[in-house]
Amino acid sequence: MQIMADVGGIPGKNCRGFCKYCYFRNITEKHAFGCKYCLPGQIGCSHCTSDTNMTRDFLPAFSVLSDLQNKLFMTQHTKDLMANISGDGDVSCYPDLEELTTGINNIGLPIHLGYTSGKGIDDPNIVDKLINNNVIETTFTTFSTTEKLRKEWMNDPTPEASIESLKRFSESCDVHAASIIIPGVNDGEILHQTCSDLESWGTKAIILMRFANTKNQGLILNNGPIVPGIKEQTPQEFEELVIEIQKEYNLKVTGTPVSDPENNTPYALSHDKNDEYLEILTPIRAKATIITSKISAPYLKKIFNKLDALDKINIIATNQEIACLITEDDLKEINLEEVEDTIIIPGRAFIHDMKAEEILQQDGKKRIIGRGPDTLTVDGETSGTLTQNEVLKSELMNFEELIELINYLGVKV
């Protein structure tokens with residue numbers, strides 16, 4: 001179990017400047033979408049506003065330690081705990097990092113350094129001090145092990161020191177590398193060189209992230225394209241790349257939004273070899289419409305077909321590729337003639353319940369709108385740390401929750 005040691009930070013400010021591909025680079029407006037955490041009559045809360053947790057400078061070490069100790073006091077779990085130093089800036093740029101890790105080590109917790117790019121490390125010797133302070137895991141934004149590319153695309157002032165730091169971390173602790181793949185920039189031979197370097201240094205895993213450059217790929221804050229002129233990589237093309245890298249290197253390779261070849265995610269339950277697990281689920285006894293993302297829809301149709309329930313459940317795909325980033329704009333594009341009297345939207349969709357009801361009843365027909373589980377499967381960032389059984393258990397629990405909701409809210413058959 002990880003306990004967050006939140007150091008704060010502001011993207012673009014507390015990271016030595018935006019990377020060229022940074023999601024937050026073009027955000028200029030504050031926008032309240034609405035979500036399940038909003039008050040009934042109020043659209044917008046701290047969770048669904050675009051500046052959520054993005055306006056805090058780095059917090060002092062004593063404040064972070066005090067908050068961590070309070071969390072420790074409140075937790076019921078006392079074994080296998082780890083402190084996760086993370087924030088909205090770059091952890092390697094945190095000025096009190098050595099002091100903070102010393103304090104956490106004195107508490108007796110091992111440490112995971114959350115997403116860092118190494119841009120804040122001018123002297124790689126700091127890595128040795130962090131390792132001595134019981135840093136045993138690191139998530140390191142790599143992009144490429146080519147110094148020129150890191151300097152140009154990551155705005156890295158000392159790419160040599162950053163790469164050397166990544167090497168030292170890999171040699172001394174569990175490193176999970178992360179690379180956003182820009183077609184024509186850091187893919188192809190460049191990516192193979194990066195993976196070859198990581199493998200030789202002892203890096204444990206790498207997650208490949210498909211570059212989001214359009215609204216339907218996740219840029220819902222009117223901040224795209226981030227980099228004009230980049231060729232769009234389809235989910236299928238990206239999945240093929242992940243599988244290719246996974247086969248060639250001795251690394252745990254996952255991708256987001258697809259896939260984890262080892263654990264068969266997303267939606268391990270859609271694979272034929274896991275059909276026996278579907279027998280565990282409660283039978284579907286009601287009709288409902290499930291609104292989901294363009295990527296999830298084919299998987300869901302396959303699973304509900306295996307459950308012999310497509311006569312009761314119809315799956316509608318929005319143009320948005322990530323279900324939890326569905327907004328009211330996506331719901332407005334749905335043909336209401338295709339939906340049932342009960343509609344299930346993704347649990348984490350960025351839309352207020354009141355707006356969802358307004359949009360999905362604008363034809364004058366009263367419908368019941370419910371929110372499904374927060375997730376139905378696990379993404380690459382999560383599945384990379386799980387076993388196949390843990391992935392299946394998670395999916396079974398989520399689908400059971402969804403089916404119970406359908407049976408409760410839906411029109412009985």
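Y267 has a relative accessibility of 5%, so this residue counts as buried (under 20% relative accessible area; exposed is over 50%, partly exposed in between, with a 1.4 Å probe and protein chains only). This is a predicted model: local features need pLDDT of at least 70, side-chain atom pairs count only at pLDDT 80 or more, and totals for chains, interfaces and linings use all residues. Residues are numbered from 1 along each chain as its sequence is written, and side-chain values use heavy atoms, without hydrogens and water.

**Aromatic pairs**
- Rings of Phe, Tyr and Trp (its six-membered ring) pair if their centres lie within 6.5 Å; planes under 30 degrees apart are stacked, over 60 edge-to-face, the rest tilted.
- By this rule there are 9 aromatic pairs.
- One of them is Y21 with F143, a stacked pair with 5.1 Å from centre to centre and 15° between the planes.
- Y21 and F143 are both buried.
- The ring centres of Y267 and F399 are 6.4 Å apart and the planes stand at 75°, so this pair is edge-to-face.
- The Y267–F399 pair links distant parts of the chain, 132 residues apart.
- F399 is buried, at 0% relative accessible area.
- Y267, Y299, F304 and F399 make up one aromatic cluster.

**Whole chain**
- Of the 413 residues, 54% count as buried.
- Contact means heavy atoms within 4.5 Å.
- Among contacts between residues at least 6 apart in sequence, 76% join residues at least 24 apart.
- The C-alpha trace spans about 65 × 50 × 45 Å along its principal axes.

How values were computed:
Helices (H or I, at least four residues) and strands (E, at least two) are DSSP runs, numbered from the N terminus.
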